[in-house]
Amino acid sequence: MTHPTFASLELIEPLLRALQHEGYTQPTPIQLQAIPHVAHGRDLLGCAQTGTGKTAAFALPILQRLHQKPPPPPPPQGQASRFGRSGPSRRTRALILSPTRELAAQIGESFAAYGRFLQLHHTVIFGGVGQDAQTKILARGIDILVATPGRLLDLMGQGYVDLTGIEVFVLDEADRMLDMGFIHDVRRVIEKLPKQRQTLLFSATMPSDIEQLSKQILIDPIRVAVTPPSTTVERIEQRIYFVEKADKRALLIHLLDALKVERALVFTRTKHGANRVAEALTKARIRAEAIHGNKSQNARTRALDGFKRGQLRVLVATDIAARGIDIDDLTHVINFDLPNVPETYVHRIGRTGRAGAAGLAMSFCEQEEREYLVDIEREIQTHIPRADNYPHASRLGPPPVTSLERGHHRRPAQQQQRPQQQRHPHHTHGRQDRPRHGAPRPRGEHHEGPRRDTNAPPPQRGHQPGQPSAQTPAQGQPRQHHGQPPRPQGPRR
Ligand code: AMP
């Protein structure tokens, strides 16, 4: 059987060379299905999530189209902008909207990697950092702009961004935009785009609001849906530890040492909890940092980068902070708190065991989380193996084995959120790229879990078994690329 290659997708030579440089040998299913159509200018509705290779599925054909099509004339003379009467030397031709800063940075890195042999310029703009570095690059002129909605609207309002030359618009992770309360901002951006354009919409799930939006903004789109080849849970070794709240930190420290864990992603339910775990680990001389929405962008980038480079042994994260973050070779995921939404469990443990590699997911379950365990085991239709012989085990002993019969005594969805009073009572001053215009904030400011059960992220996908894992070219050496704003070392540079 012959395997499809990138060359069979009629990609141009500089892109094929860049893919070779990245170590990709075969297109993923979404790339196979999307690239030829997008390269010919079709609109696309892609039902896919991070981990499927969707970024390359849109970045490659966009780069190809922009390279092959002659650039538009410079902005009309005499039009006043923040750059003076003449405006920047080139007009922005492609816009990619991303819900989170981390995802935006990763998309920017993908454009840098795939476009390394082309003369197209891109930049990434997001909130939570000063705008000067970003506006300087915009003033020079860029072809491709990757942005989070809040900062984009800010800079549009100040006259730094002109969207009248946009030829391709990508709305990435549309359901997450909705979930995070950015959908009004997205609509405001869309209003400013030229009517004549190519539009690509990606979403992991299709809630009705997104379906409606897709009908409004897509014209005769091709539809691509990719489903995971095997559920993550089948490839990942799992273990459950029954331990009470007060002993969880001690058990974590014990396991990290006893199992000689070199790199672990630890999930907590709250930002405050993430800080406390990171502090306890640091005290125990385990290099750890917390990332969550209250940390500055620079602090988050630094922590993530330190983790990827192996300078940190443990990254403690809340679900939202960890969303979209792509960490290869992650061998251990630890659920310090058991999530109350079963899909979140699957999503979390899917961070490990990528590219067919081995992965171990360990979960701590305190007394009040035992009902979450029932929900999770019913969702994954398997019993999570119970660890034995570990210190700090709950004096209550293990609970009865779950009946896996679906729907049996299942709590209604609206009860799956934790009771309000259990959240930490103080206010956050997060520097999130925040929702505006009365758009709802994610419910429970300290609870970084999904806002609505129905929008809980579906299982995270890894690579196709047998496919190479993501390559990190020139690891440790920042890649110089015109258009990348100066910022601390980002992920996967
Ligand atoms: P994405 O779904 O776009 O976030 O991509 C997930 C990961 O897969 C990223 O680390 C990419 O670098 C990697 N990737 C994308 N396409 C391929 C491919 N064809 N072969 C191997 N790795 C890929």
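Predicted model: local features only at pLDDT ≥ 70, side-chain atom pairs only at ≥ 80, totals over all residues.
In what order do the strands of the open sheet of 7 strands run? The order is E3-E4-E2-E5-E6-E1-E7, and the pairing is parallel; strands count as paired if DSSP finds at least two bridges between them. Residues are numbered from 1 along each chain as its sequence is written.

Taken as a whole, the protein has 16 helices and 13 strands; these are DSSP runs numbered from the N terminus, with helices (H or I) of at least four residues and strands (E) of at least two. Of the 493 residues, 49% are buried, that is, they have 20 or more other C-beta atoms within 10 Å of their own, with the C-beta atoms placed from the backbone (12 or fewer is exposed, in between is partly exposed). Among contacts between residues at least 6 apart in sequence, 79% join residues at least 24 apart, a contact being two C-beta atoms, placed from the backbone, within 7 Å.

Strand E1 (residues 44-47) runs parallel to strand E6 (residues 198-203) and is joined to E6 by 4 bridges, with Cys47 opposite Ser203 in E6. Helix H3 lies across E1, E2, E4, E5 and E6, at about 170° to E5; axes here are lines fitted to C-alpha atoms, for helices over the stretch in contact, and angles run from 0 to 180 degrees between N-to-C directions.

H3 (residues 54-68) also packs on helix H4 (residues 101-114), at about 50° and with the axes 10 Å apart. The two helices are therefore oblique to each other, since angles under 35 degrees count as roughly parallel, over 145 as roughly antiparallel, 65 to 115 as roughly perpendicular and the rest as oblique. On the H3 side, Thr55, Ala56, Ala59, Leu60 and Leu63 meet Ile107, Ser110, Phe111 and Tyr114 of H4. Tyr114 turns up again, along with Val146 and Ala147, among the residues with the most contacts inside the largest nonpolar core, which has 70 residues; such a core is a set of buried Ala, Val, Leu, Ile, Met, Phe, Trp, Tyr and Cys residues joined through C-beta atoms within 7 Å. Apart from this core lies another, of 49 residues, including Leu252, Ala288, Val333 and Ile349.

There is also an open sheet of 6 parallel-paired strands, in the order E8-E13-E12-E9-E11-E10. Strands E8 (237-242) and E10 (288-291) sit at its edges, and neighbouring strands are turned by 20° against each other on average, direction ignored. Strand E12 (residues 332-335) is joined to E13 by 4 bridges, and Val333 stands opposite Ala361 in E13. Helix H12 (residues 271-283) packs on this sheet, touching E9, E10 and E11, at about 170° to E10. Helix H15 (residues 342-349) packs on the sheet too, touching E8, E9, E12 and E13, at about 155° to E12.

Glu368 is partly exposed, with 14 other C-beta atoms within 10 Å. The buried residues of H16 are Tyr372, Leu373, Val374, Asp375, Ile376 and Ile380.
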